[in-house]
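Have a look at the model, then work through each solution step by step.

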Amino acid sequence: DKEYLSASFYMSRDRYAQSDNNQNIVLFFNQSSWSNTAASLKWYKTMDNGWNMKAVYSLSRLENEKASVYENVSTFDTYQEMNVHHAKGVLSKNWGKWNVNYGAETSIYSSNSVLRDRDTSFAFIPQTTSTEIAAFGEVSYAWQNWRAIVGTRVNGYISENKNYIVPDVRGLLSKSWGSNSAYLAIDRTSQFVFQLYETFMPIASDFWITANDKLGPQISNMISIGYDGSYKQLNYGVGAYAKRYEGAVDYADGAVLYSDSDYSQYLEPVDRQSVGVELNASYVSKRISLDANYTISKTTLQGETINRGERYPAFYDRPHLLNAGFTYKSGKKFSFIARQYLSSGRNMTVTHLVPFSSLTSSRNAVRLPLYHRLDVSFNWDYQNKKHPNRSSRLSVSVYNAYNNLNTYFIGISYENESPYGEYDSVTLFPIIPSISYGVKF
């Protein structure tokens with residue numbers, strides 16, 4: 001009753017290769033692979049003096065490789081890996097209306113990004129190892145229908161050439177009345193590991209990088225407000241946020257991504273801003289449950305020389321996101337779940353092919369088609385009557401049930417015999433059925 005231990009392990013590997021019989025569509029990278037490996041160990045303990053303790057250790061490894069292969073010969077290949085060791089310890093305790101928790105954590109990052117062609121091999125993003133150490137604390141106080149939370153975190157970052165100390169802070173004030181509540185929150189968060197997105201090719205490329213002597217941490221400052229309420233079996237909420245970043249960068253126009261020179265010379269400081277509104281609603285009855293979450297948002301950047309100094313959408317800007325679900329339960333054994341996903345396509349910078357020259361669109365001015373799919377699953381549960389702690393579940397699921405072919409890549413098509421080609425979409429992941437069986441004991 002006072003101690004809990006959990007362990008987990010996960011590994012996956014995905015590969016993509018353009019088939020030989022589909023050479024009408026040419027991809028700059030026609031073979032790709034991604035792999036993820038993660039393991040964690042967690043320990044929770046409640047002590048006799050009222051303190052609660054949590055300790056966590058995790059290890060993760062991400063790998064990504066892209067290659068241009070023609071006639072079984074690799075002419076161009078990029079490889080990146082990111083390894084993270086993470087450890088965290090937290091102590092917390094309640095004193096009536098007060099709640100206190102504090103702790104420390106550390107993360108060790110190592111990354112490697114290599115380009116290989118027929119003749120050379122070099123690191124287009126230098127191999128790095130860095131360490132993040134942080135101490136944090138949070139205090140919350142509840143009085144009648146009011147609740148206040150104040151927290152801080154001091155981050156220390158150690159890299160090969162430069163160290164940083166950056167404080168974070170957050171605060172929240174909320175009030176509830178009946179089944180309704182409202183909140184106002186501020187949040188300042190620093191980030192030492194982030195991604196760069198290169199979108200000048202038909203296949204967008206993203207690379208993990210860490211802060212160093214030429215690239216400082218990225219700091220986000222956010223304010224948000226929200227309201228949650230309910231009426232009988234209906235729950236609903238609305239929230240809004242505005243966020244602005246310090247230390248954000250993006251590739252300058254004309255940047256040479258795959259180069260053995262210092263990649264930071266191709267980066268330019270940008271003003272990055274995000275605003276959004278989030279809506280959610282849910283309905284729960286004995287047999288039927290409905291829920292929906294919708295976000296409308298906008299993330300833009302502006303650099304002194306990028307895109308002629310004009311503000312432009314971020315690569316990952318997706319103005320519309322919708323996630324809706326339906327669940328039906330028949331007694332204790334059978335359940336049916338359906339979920340609909342919808343999101344705006346990501347942005348790209350596209351070069352228009354014209355005779356004897358090329359014209360490049362404004363930065364991230366081309367948006368891919370709307371992404372949408374429906375997933376369904378049928379579940380059968382069995383409870384062992386003699387042993388209440390033993391149960392099992394059989395699930396039959398269908399991914400992308402109506403087989404919508406969402407755009408995954410953009411390639412150059414020569415199907416219409418155009419001498420300069422036309423951009424066309426490449427799709428992955430059609431309808432995919434699966435079956436799983438799990439037991440608890």
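**Exercise 1.** Find how far Arg373 lies from the ring centre of Tyr341.

*Solution.* Arg373 lies over the face of Tyr341, and its distance from the ring centre is 4.4 Å. A charge counts as sitting over a ring if NZ of Lys or CZ of Arg is within 6 Å of the ring centre and within 35 degrees of the ring normal. Next, turn to Tyr245: the charged end of Arg272 sits over this ring, 3.6 Å from its centre.

A note on the source: this is a predicted model, where local features need pLDDT of at least 70, side-chain atom pairs count only at pLDDT 80 or more, and totals for chains, interfaces and linings use all residues. Residues are numbered from 1 along each chain as its sequence is written, and side-chain values use heavy atoms, leaving out hydrogens and water.

**Exercise 2.** Classify the ring pair of Trp51 and Trp95.

*Solution.* Start with the rule: rings of Phe, Tyr and Trp (its six-membered ring) pair if their centres lie within 6.5 Å; planes under 30 degrees apart count as stacked, over 60 as edge-to-face and the rest as tilted. The structure holds 13 aromatic pairs. For Trp51 and Trp95, the centres are 5.6 Å apart and the planes stand at 85°, so the pair is edge-to-face. Finally, ring pairs link Trp51, Trp95 and Tyr102 into a cluster.

**Exercise 3.** Is Trp51 buried or exposed?

*Solution.* Buried means under 20% relative accessible area, exposed over 50%, partly exposed in between (1.4 Å probe, protein chains only). Trp51 has 17%, so Trp51 is buried. Trp95, at 43%, counts as partly exposed.
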